[in-house]
2 protein chains.
Amino acid sequence: MKETTMSNLTIDAERLWDSLMETARIGGTPDGGIARLTLSDDDRRVRDWLRAQCDALGLTMTVDEVGNMFATRPGAREGLPAIAMGSHLDTQPTGGKFDGVLGVLAGLEVLRTLDAAGYRTEAPLMLVNWTNEEGSRFSPAMLGSGIWAGVYDRNYGDARADVSGDTFGASLDRIGYRGEAKAGAIRFGAMFELHIEQGPILEAEGIEVGVVQGIQGMRWFELTLTGTAAHTGSTPMHMRRNALLGMARVIEGIDRIAKAHPDAVGTIGFLEISPNSHNVIPGEVRATIDLRHPSDVVLDQMQAQVDELVRNAAEAVGLTHRLEQISRTAPVVFDPECIASVRAGAKAAGYSTRDIISGAGHDAAHAAAVAPTTMIFVPCAGGLSHNPAESTLPGECAAGAQVLLEAVLDYDRRMSESRREAAA
Amino acid sequence: MKETTMSNLTIDAERLWDSLMETARIGGTPDGGIARLTLSDDDRRVRDWLRAQCDALGLTMTVDEVGNMFATRPGAREGLPAIAMGSHLDTQPTGGKFDGVLGVLAGLEVLRTLDAAGYRTEAPLMLVNWTNEEGSRFSPAMLGSGIWAGVYDRNYGDARADVSGDTFGASLDRIGYRGEAKAGAIRFGAMFELHIEQGPILEAEGIEVGVVQGIQGMRWFELTLTGTAAHTGSTPMHMRRNALLGMARVIEGIDRIAKAHPDAVGTIGFLEISPNSHNVIPGEVRATIDLRHPSDVVLDQMQAQVDELVRNAAEAVGLTHRLEQISRTAPVVFDPECIASVRAGAKAAGYSTRDIISGAGHDAAHAAAVAPTTMIFVPCAGGLSHNPAESTLPGECAAGAQVLLEAVLDYDRRMSESRREAAA
């Protein structure tokens, strides 16, 4: 049967690009970026646009109580759970045109391609637009998928407030995207999220498609080193308790620790010194430490090394220290069957691949806790994202969409076959 | 003759302390500090107070065109240049009760003591209150003594504006302290400035009096290191250009360079990182480097080492750098005869001493370019100054004033003797 074999379908690269450029005007900024904060009027407009496109394809749209949108296309067989595609349409205040948007619009393009070809999968297909992935208006990030997965309570979500005091719940009501479905009532059997890499690896290596193996675990710490603020001219070197000198050793040490563990990253990105005056020795320095690795075991080792590093640096300079964990996210390992389908899909489509770990968080992390899930990465220029200059070329977007199509068809075929075998 | 030998005069410690506490109420703050910015109404009040005290002693007060106040007590012999004492009565916005004020009021106490004893020096004595030492309202610091010494032009001084746009010149006119004497017309033959150390050395070593040898030369640089801002999660360690890592190596290196040169200090006190976000690798870091040493030769060596340090740190991390000198002050070497008088005076008064170099700038630096000059330091608790908690004990203030008295008498005696010998 046609439905159980890979097809020679090809997505329409121009149609995909036109949709990307059309939606980029909703909240578009003069510098070529998008400022489309979650639950804003522009978010309502792009949601209305998406709903209209789904209606045109005859999909069934369901919106849940936190605004997550699920558009379903029936499959050929009864009783199979849906295979989902999607990502998010909200952006950072200084967002680009591809982060999140590509994953939704490529899913739409897959459905349009299947529709145009009259191709029906065994399982239903589903297009998902998650609410508030970015978290820049309402913290935390990935809130819609988090509530959907049961990580957060709906009331917790509703009460999140932006800087002007508007809440998530009131904003959702205001734009008319509070659906009737309970969060989590709509489930699927698997999820494929296409996304730009937001890192430099694929571009640097000239690879077209990243086969994403999982998402790094992440641990954040706040470190405060306290010494004595004193006059830079009249305080001899041996009488100083220079908090910035201690922090310099921590910065160097974090870099050394991360480099000693393959696939690890470690960074101090935020740093504040006090009193921050040309002629005063820094009395206090505060920083956040960001450690990431795909394995919690390695993260435990790194954390122990950071503990020791901080203790030693503080002691050597005569400082006191306070090191507190402020955030922790467990690593996510994606589903091997989903990964196999991405690999097979990329091969069928003729694209070069490499295995890759996501360094950034994604809705797929929450989805993976509920259903077999994986991601597909395409390059972005210079690894740049959350920036108006974010750039992925039309051919790169098309490659991602084509692999998404092939992966979904492969997964659909293999899952239905295995079910058939199991039933036989 | 009585005038040519050291006398057993003792300053009145209580009278000195009372004057310190009385003037501390002029611009006094609830936390025990003083906010008496230069050329403010409070500065006028404290100047009026000083003038009244000098009048009561029968001194001749001359104010020059930039508000510097010179009160003269005649000597016994004709034709000798005056021996000056003094400092400044203006304070920082969050100033303490001793920085500058002690030097003026101790000079006043010396004159009161001589007056009460009916003691006449060979040379005239002079009490000086310099305008705008602090520089916190009108930049640069030490402006009054600087114009007096010919380092700055009077018109330059008049045009200096504070944050509200008021100029130095207009403010001077407003408080009525623009005198008729040309800046620099009033000269003296030597100058002794008593000051709190503003550093921790004397207190830490339990020494009562610092015999100041000079003032460190100072060079300030602005350093900008530029790498690439990128996502902390998705940018592998080997693909980073982390500007903060480069700066950490510069911070460590500055400390190492300063420690390698005896009497040197080197500090980064101001540091700003961009974009300063938890999950972004710092793309740019800006800092100021402060190098000080009593010798320009050593400062040249240190500067060359810093150049090399910055180049190496930037290159190793793949950064670009910009290193610019933003300020330079030559070292000041105080006059050996003045220093000898301080040493002799402290010995006569029975106080412990150590040689010390001033790490902070003082009016004495400008005075030293015109006439033999030195300074006397007394301890301040924890080395703290420019702070309401600035603290020097009554006994420490009295020790400084007594040594000032003895040093001035010693210098007067030795100078008149040598003139007599030269004339013989």
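**Two chains, one helix to start**

Let's start in helix α12 of chain B, residues 394-423, where B:D410 and B:R413 sit three residues apart, about one turn of the helix. Helices here are DSSP runs of H or I with at least four residues, strands are runs of E with at least two, and both are numbered from the N terminus. The side chains of B:D410 and B:R413 form a salt bridge, 2.9 Å from N to O. By salt bridge I mean a side-chain nitrogen of Lys or Arg within 4 Å of a carboxyl oxygen of Asp or Glu. Both B:D410 and B:R413 are buried. The cut-offs are under 20% relative accessible area for buried, over 50% for exposed, and partly exposed in between, with a 1.4 Å probe and protein chains only.

Quick housekeeping. This is a predicted model, so local features need pLDDT of at least 70 and side-chain atom pairs count only at pLDDT 80 or more, while totals for chains, interfaces and linings use all residues. Residues are numbered from 1 along each chain as its sequence is written, chains are lettered from A and ligands numbered from 1 in the order in which they are written, and side-chain values use heavy atoms, with hydrogens and water left out.

Back to salt bridges: how many are there over all chains? The rule gives 58. One of them pairs A:R15 with A:E109 at 2.8 Å, N to O. A:R15 is in helix α1 of chain A (13-24) and A:E109 in helix α3 of chain A (101-117), so this pair ties together parts that are 94 residues apart in sequence. A:E109 is buried at 1% relative accessible area, while A:R15 counts as partly exposed at 26%.

Another one is A:R154 with A:E65, where the closest N and O atoms are 2.9 Å apart. Again, distant parts of the chain get linked: A:R154 is in helix α5 of chain A (154-159), A:E65 is in the loop between β1 (60-63) and β2 (69-73) of chain A, and they are 89 residues apart. A:E65 is buried at 7%, and A:R154 is partly exposed at 29%. These two belong to a network of salt bridges that also takes in A:D158, A:D173, A:R178 and A:K182.

Now the sheet. In chain A, four strands make an open sheet in the order β9-β11-β7-β12, with antiparallel pairing; a pair needs at least two DSSP bridges between the strands. The edge strands are β9 (265-274) and β12 (320-329) of chain A, each with a single partner, so one side of each has no neighbour in the sheet. From one strand to the next, the twist averages 15 degrees. Strand β7 of chain A (217-226) runs antiparallel to β12(A), and nine bridges join them. If you click on A:F221, its bridge partner in β12(A) is A:Q325. Helix α8 of chain A (243-260) packs on this sheet and touches β7, β9 and β11 (284-293) of chain A, with its direction at about 170 degrees to that of β9(A). Contact means heavy atoms within 4.5 Å; axes are lines fitted to C-alpha atoms, for helices over the stretch in contact, and angles run from 0 to 180 degrees between N-to-C directions.

On to the backbone. There's a cis peptide bond between A:S139 and A:P140, omega about 0 degrees, with A:P140 in the loop between β4 (125-130) and α4 (143-148) of chain A. Another cis bond joins A:S274 and A:P275, omega about 5 degrees, and A:P275 is in the loop between β9 and β10 (280-281) of chain A. In chain B, B:N276 is in the loop between β9 (265-274) and β10 (280-281). B:N276 isn't a glycine, yet its phi is positive, about 60 degrees.

Last, how do the chains meet? A rotation of 180 degrees with 0.3 Å of shift along its axis puts chain B on chain A, RMSD 0.3 Å. The two copies are thus related as by a two-fold rotation axis. Which residue of chain B comes closest to the axis? B:A248, with its C-alpha at 2.2 Å.

The contact takes 47 residues from chain B and 47 from chain A. Of chain B's interface residues, 100% are also interface residues in chain A, so the copies meet through the same surface. Between them the chains bury about 4,200 Å², 63% of it on carbon and sulfur atoms; that's accessible area (1.4 Å probe) lost on being put together, summed over both parts. Two salt bridges cross the interface of chain B and chain A. A:E252 also forms a salt bridge with B:R249, closest N and O atoms 2.8 Å apart.

Methods: Copies are superposed by least squares on the C-alpha atoms of residues with pLDDT of at least 70 in both. Buried area is the accessible area (1.4 Å probe) that two parts lose on being put together, summed over both.
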